[in-house]
Amino acid sequence: MVKFGILAKMVAKPGKEQEAADFLKSALPLAQAEQGTIHWFALKLDNSTFGIFDTFETEEGRQAHLSGEIAKALMAKAPDLFSEAPDIKQIDILAGK
């Protein structure tokens with residue numbers, strides 16, 4: 001059962017909305033390669049607000065993801081694409097289907 005998650009929210013800079021969406025979609029192969037990442041979703045919440053939601057069975061899997069290639073790419077691109085630093089929260093999953 002997945003018990004651990006990450007919920008991240010990013011706001012694209014004006015004019016960078018499509019580039020931000022394309023960047024997030026391009027991370028899918030990296031997420032698929034992570035053994036400890038059970039679910040990974042890139043989200044569009046509104047025209048300029050985006051998110052990432054992922055789940056893990058173990059804390060080790062979550063920490064591996066936070067120090068992995070997606071996180072590195074996100075932090076490298078964030079100043080160019082987003083109006084503020086990504087808001088990344090480590091969450092506990094209480095129930096799911």
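Helices here are DSSP runs of H or I with at least four residues, strands are runs of E with at least two, and both are numbered from the N terminus. Glu-19, for example, has its place in helix H1. Welcome to a predicted model, in which local features need pLDDT of at least 70, side-chain atom pairs count only at pLDDT 80 or more, and totals for chains, interfaces and linings use all residues. Residues are numbered from 1 along each chain as its sequence is written, and side-chain values use heavy atoms, leaving out hydrogens and water.

- Ala-20, Ala-21, Phe-23 and Leu-24 are buried in H1, where buried means under 20% relative accessible area, exposed over 50% and partly exposed in between, with a 1.4 Å probe and protein chains only.
- Down the axis of H1, these buried residues fall within an arc of 160°, so they line one face of the helix; the arc is that of the directions from the helix axis to the C-beta atoms.
- Turned away from that buried side is a face of H1 with the exposed residues Gln-18 and Lys-25.
- The buried residues of H1 pack against S1, helix H2 (28-33), strand S2 (37-44), S3 and H4, with contact meaning heavy atoms within 4.5 Å.

**How H1 meets H4**

- The axes of H1 (residues 17-26) and H4 (residues 69-81) come within 11 Å and cross at roughly 175°.
- These axes are lines fitted to C-alpha atoms, for helices over the stretch in contact, and the angles run from 0 to 180 degrees between N-to-C directions.
- Glu-19, Ala-20 and Phe-23 make the contact from H1, and Ala-73, Leu-74, Lys-77, Asp-80 and Leu-81 make it from H4.
- By class, this contact has five nonpolar, no polar and three charged residues, where Ala, Val, Leu, Ile, Met, Phe, Trp, Tyr, Cys and Pro count as nonpolar, Asp, Glu, Lys and Arg as charged, and the others, Gly among them, as polar.

- Glu-19 is partly exposed, with a relative accessible area of 33%.
- Leaving aside neighbours within four places in sequence, Glu-19 is in contact with Lys-77, Asp-80 and Leu-81.
- Phe-23 counts as buried, at 15% relative accessibility.
- Not counting residues up to four places away in sequence, Phe-23 touches Ala-73, Leu-74, Lys-77 and Leu-81.

**The nonpolar core**

- The largest nonpolar core has 17 residues, and those with the most contacts inside it are Met-10, Leu-24, Trp-40, Phe-50, Ile-52 and Phe-82.
- Such a core is a set of buried Ala, Val, Leu, Ile, Met, Phe, Trp, Tyr and Cys residues joined through side-chain atoms within 4.5 Å.
- Strand S1 (4-11), H1, strand S3 (49-56) and H4 each give two or more residues to this core.
- Beyond its neighbours within four places in sequence, Leu-24 is in contact with residues including Met-10, Trp-40 and Phe-50.

- Phe-56 lies in strand S3 and counts as buried, at 0% relative accessibility.
- The C-alpha atoms of Phe-56 and Gly-36 are separated by 6.2 Å, although these residues are 20 residues apart along the chain.
- Leaving aside neighbours within four places in sequence, the contacts of Phe-56 include Gly-61, Arg-62 and His-65.
- Gly-61, Arg-62 and His-65 are the buried residues of helix H3 (residues 59-66).
- They cover an arc of only 100° around the axis, which puts them on the same side of H3.
- The buried residues of H3 are covered by elements including S1, S2, S3, H4 and strand S4 (87-92).
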